[in-house]
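Please keep the structure in view while reading.

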Amino acid sequence: MLRFVSSISIEPVTVRRLVTRGELIAYRIAGEYRFKEEDVERFVESQRIIVSAVPGLNHPMTKFTERARKVLSLANEEAHRYLHAGVGPEHILLGLMSEGGGIGARALTQLQVQPEEVRAELEVLRPKGEAAVAEGQLGMTQQGKASLELAVQEARSLGHHYIGTEHLLLGILREEIEDLASQVLLTASGVTLDKAREQVKQLLASE
């Protein structure tokens with residue numbers, strides 16, 4: 001006997017789009033979508049982004065520079081450090097500051113961002129978890145994935161065919177106001193997307 005999951009926390013419009021594209025299997029019962037449990041598990045697994053694997057030639061991570069991949073690896077470590085179940089923009093921001101040498105980190109330094117203050121503020125807004133998390137690579141949170149998508153858009157808008165640490169920073173700042181990383185950068189250091197983008201352009205021009 002098949003077990004069905006009656007609901008899933010995705011907007012109805014998104015569900016219809018995913019079903020139409022064949023990315024999510026659903027069954028119409030009356031006016032509702034129903035999902036087989038194994039189909040939902042397969043879909044959720046497909047949405048996971050591994051952040052520190054060495055990419056193959058056709059892997060989307062090949063467009064990320066070595067420094068950017070290092071930042072994502074550090075972000076994964078930060079999520080583990082705080083016992084968080086997924087990698088979000090706040091972890092990517094901590095990874096950027098820890099990496100230190102990329103354009104993203106240098107832009108933050110030029111904008112007088114103090115890493116200790118940012119970390120302290122993030123710890124208040126996103127305290128350490130209480131439950132242990134699985135070892136190894138964590139999946140990205142929805143906001144984490146959104147910030148990576150925005151980073152890709154920033155790279156394209158600048159005419160770049162790679163995604164570097166600078167694009168990761170801009171992707172974080174393009175997230176909505178409720179995103180912790182962009183909120184902390186604004187409140188703690190007065191960093192806005194426009195300021196960061198201008199600083200990134202100056203650093204790129206100097207190189």
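## Overall organisation

Helices (H or I, at least four residues) and strands (E, at least two) are DSSP runs, numbered from the N terminus. On that basis, the chain contains ten helices and three strands. The model is a predicted one. Along the sequence, the elements follow the order β-α-β-β-α-α-α-α-α-α-α-α-α.

The chain has 207 residues, of which 40% are buried. Of the contacts between residues at least 6 apart in sequence, 65% connect residues at least 24 apart.

Helix α3 covers residues 66-81. With 16 residues at 1.5 Å a residue, α3 should span 22 Å, and because its end C-alpha atoms are 22 Å apart, the expectation and the model agree. Which residues of α3 are buried? They are A68, V71, L72, S73, L74, A75, N76, E78 and A79. The buried residues of α3 pack against α4, α6, α7 and α8.

In general, an α-helix has 3.6 residues a turn, so residues three or four places apart point the same way.

After α3 comes L83, with a positive phi near 55°. L83 is a residue other than glycine, and it belongs to the loop between α3 and α4. Its relative accessible area is 26%, so L83 is partly exposed.

## The contact of α3 with α4

Two packed helices are described by the angle between their axes and the distance between the axes. For α3 and α4, the axes come within 7 Å and cross at roughly 120°. The two helices, α3 and α4, are therefore oblique to each other. Their crossing, that of α3 and α4, is right-handed.

On the α3 side, the contact is formed by R67, K70, V71, L72, L74, A75, E78 and A79. On the α4 side, the residues are H91, I92, L94, G95, L96, S98 and E99. Sorted by class, the contact of α3 with α4 holds eight nonpolar, three polar and four charged residues.

## Residue L94 of helix α4

L94 is part of helix α4. Is L94 buried or exposed? A residue counts as buried under 20% relative accessible area; L94 has 3% relative accessibility and therefore counts as buried.

Leaving aside residues up to four places away in sequence, L94 touches E78, Y82, R119 and L122.

Helix α5 covers residues 103-110, and its buried residues are I103, G104, A105, A107 and L108. What covers the buried residues of α5? The covering elements include α4, α8, α9 and α10.

Following α5 is Q112, which has a positive phi near 65°. Q112 is not a glycine, and it lies in the loop between α5 and α6. With 63% relative accessibility, Q112 counts as exposed because the cut-off for an exposed residue is over 50%.

## The contact of α6 with α9

Helix α6 (residues 115-125) packs with helix α9 (residues 180-189) at an angle of about 130°, and the axes of these two helices are 10 Å apart. That angle makes α6 oblique to α9. The crossing of α6 and α9 is right-handed.

From α6, the contact involves E117, V118, E121, L122 and L125. From α9, L180, A181, V184 and A188 take part. By class, the contact of α6 with α9 has seven nonpolar, no polar and two charged residues.

## Residue E154 of helix α7

E154 is located in helix α7. With a relative accessible area of 1%, E154 is buried. Which residues does E154 touch, not counting those up to four places away in sequence? E154 touches H167, L170, G171, R174 and R197.

Terms used
Residues numbered from 1 in each chain as written. Predicted model: local features only at pLDDT ≥ 70, side-chain atom pairs only at ≥ 80, totals over all residues. Heavy atoms only, no water. Axes fitted to C-alpha atoms, helices over the stretch in contact; angles between N-to-C directions. Parallel < 35°, antiparallel > 145°, perpendicular 65-115°, else oblique. Left-handed = near helix turned anticlockwise from the far one by under 90°. Contact = heavy atoms within 4.5 Å. Nonpolar A, V, L, I, M, F, W, Y, C, P; charged D, E, K, R; others polar. Buried < 20%, exposed > 50% of the residue type's maximum accessible area, 1.4 Å probe, protein only. Expected span 1.5 Å × (residues − 1).
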